[in-house]
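Thanks for making time this morning. I would like to walk you through one model, with the criteria stated as we go.

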Amino acid sequence: MERQPAVARLVLEDGTTIAGRLFGFQKSVAGEVVFNTGMVGYPEALTDPSYSGQILVLTYPLIGNYGVPGRNGESAGTPFESEKIQVSGLIVSELAPGYSHRTACSSLPQWLRDEGIPCLAGVDTRALTKRLRQQGSMLGKILVGKDDVPFSDPDRLNLVAAVSVGERVVYPGGERTVVVVDCGCKSSIIENLRARGLTVIRVPWDYDFLAEDFDAVVVSNGPGDPKVCDATVRNIERALRLNRPILGICLGHQLLALAAGATTYKLKFGHRSHNQPCLEEGTRRCLITSQNHGFAVESASLPEGWEPWFTNANDGSNEGIRHRTRPFLGVQFHPEGAPGPVDSEHLFDLFLSRIQ
């Protein structure tokens, strides 16, 4: 039996206050309030380091009905994208205390309690999401009782330093080696590279990887404003001179663009879903992609030699860049596709085909 929930409230920076029932861990938290429109995939979303510093609103009405699976080490197919829940808090319409799934080992409320994460349920998430779409993503806080906390803006923090690995890690594989610059790397990115027979060297966000013996570089996803990651941008600038293949994913795409000389900007409410349509330039092809980001690359700022590769069919924002003659690629979406469809997983193979 789940314990009786306490009453808590969400307070937005515009003064909006929304009451709800508190599940999970009983504490007050603050962060940027963002929404995800995916129907499934809450274990993957909650453990995605790109959500660090954010209070996540899930728009699907019922969350938690298939529970939470157990952790089975580093085995392929795990739904966990990191070693812990990364969101600051969770907001849902209805939270299922019971669950049914062959892999489930606990309920979502129990998992949240175990990891110290509060969840506000009984919220009209449709109305809340409409407000966030109209006003843009806002700072907010989940308050329990009389316990207040100040607003916290994750864009002013170096969240990448907090979610990146602390030291160099090697995953043995084949003869070809890829350096993964971990800015908050999802586990499924590592799995996709290892599944293709590569040796992976995973390094911290500010690590000078130029001294490593590698064939290609992947710059991973991660949280926050890309302009905070000066050290990463400088290392990518140096790597561009080597003319070895580079793939940027999500935040890594933005960092690659900054290293090339382009600019980035903050979207009004970001892209966080499993169904973002991306048009491939020069073709009639549209990929349905999984995304989680609040910043984007300004296509008009791309320097000579670079060109847009994908464009978002909903709002026209940039979803990918590539160099016309050199082996440099960046995608704003997630080709590893977990959670979400696998329409774009072939981009890993395209990237690998650039390795000499």
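**Side-chain contacts in a predicted model**

Let me start with helix H8: what covers the buried residues of H8 includes helix H5 (187–195), strand S15, strand S16 (246–249), strand S19 (306–312) and strand S21 (328–331). Contact here means heavy atoms within 4.5 Å, while helices (H or I, at least four residues) and strands (E, at least two) are DSSP runs, numbered from the N terminus. This is a predicted model, in which local features need pLDDT of at least 70 and side-chain atom pairs count only at pLDDT 80 or more, whereas totals for chains, interfaces and linings use all residues. Residues are numbered from 1 along each chain as its sequence is written, and side-chain values use heavy atoms, with hydrogens and water left out.

Which residues of H8 are buried? In H8, which spans residues 346–353, they are Leu347, Phe348, Phe351 and Leu352, and they cover an arc of only 145° around the axis, which puts them on the same side of H8. That arc is the one formed by the directions from the helix axis to the C-beta atoms, and buried means under 20% relative accessible area, with exposed over 50% and partly exposed in between (1.4 Å probe, protein chains only).

Now to the charged pairs. Side chains of opposite charge can pair when their charged atoms come close. The criterion for a salt bridge is a side-chain nitrogen of Lys or Arg within 4 Å of a carboxyl oxygen of Asp or Glu, and the structure holds 13 of them.

One of these joins arginine 168 to glutamate 212, with the closest N and O atoms 2.7 Å apart. Arginine 168 lies in the loop between helix H4 (159–163) and strand S12 (169–171), and glutamate 212 in the loop between strand S14 (199–204) and strand S15 (216–219), so the pair ties together parts that are 44 residues apart in sequence. Arginine 168 is partly exposed at 39% relative accessible area, whereas glutamate 212, at 14%, counts as buried.

In another salt bridge, the side chains of aspartate 208 and arginine 238 meet at 3.1 Å, N to O. Aspartate 208 lies in the loop between S14 and S15 and arginine 238 in helix H6 (residues 230–240), so this pair ties together parts that are 30 residues apart in sequence. Aspartate 208 counts as partly exposed at 38% relative accessibility, and arginine 238 also counts as partly exposed, at 33%. Salt bridges that share partners also join Glu32, Asp155 and Lys266 into one network.

For the latter, NZ of Lys or CZ of Arg must be within 6 Å of the ring centre and within 35 degrees of the ring normal. Arginine 71, for its part, lies over the face of phenylalanine 80, at 3.9 Å from the ring centre.

Turning to the rings themselves, the structure holds seven aromatic pairs. Among them, phenylalanine 209 and phenylalanine 214 form an edge-to-face pair, 5.9 Å centre to centre with 70° between the planes, and both of these phenylalanines are buried. Rings of Phe, Tyr and Trp (its six-membered ring) pair if their centres lie within 6.5 Å, and planes under 30 degrees apart count as stacked, over 60 as edge-to-face and the rest as tilted. Ring pairs also link Trp309, Phe310 and Phe333 into a cluster.

Finally, the cysteines. How many disulfides does the rule give? With a disulfide taken as a pair of cysteine sulfur atoms within 2.5 Å, the count comes to zero. Cysteine 185 is in no disulfide, and the nearest cysteine sulfur, that of cysteine 183, is 8.8 Å away. Cysteine 185 is buried at 2% relative accessibility. Both cysteine 183 and cysteine 185 are among the contacts of serine 220, a residue in the loop between S15 and H6 that counts as buried at 0%.

Notes. Lists of a residue's contacts leave out its neighbours within four places in sequence.
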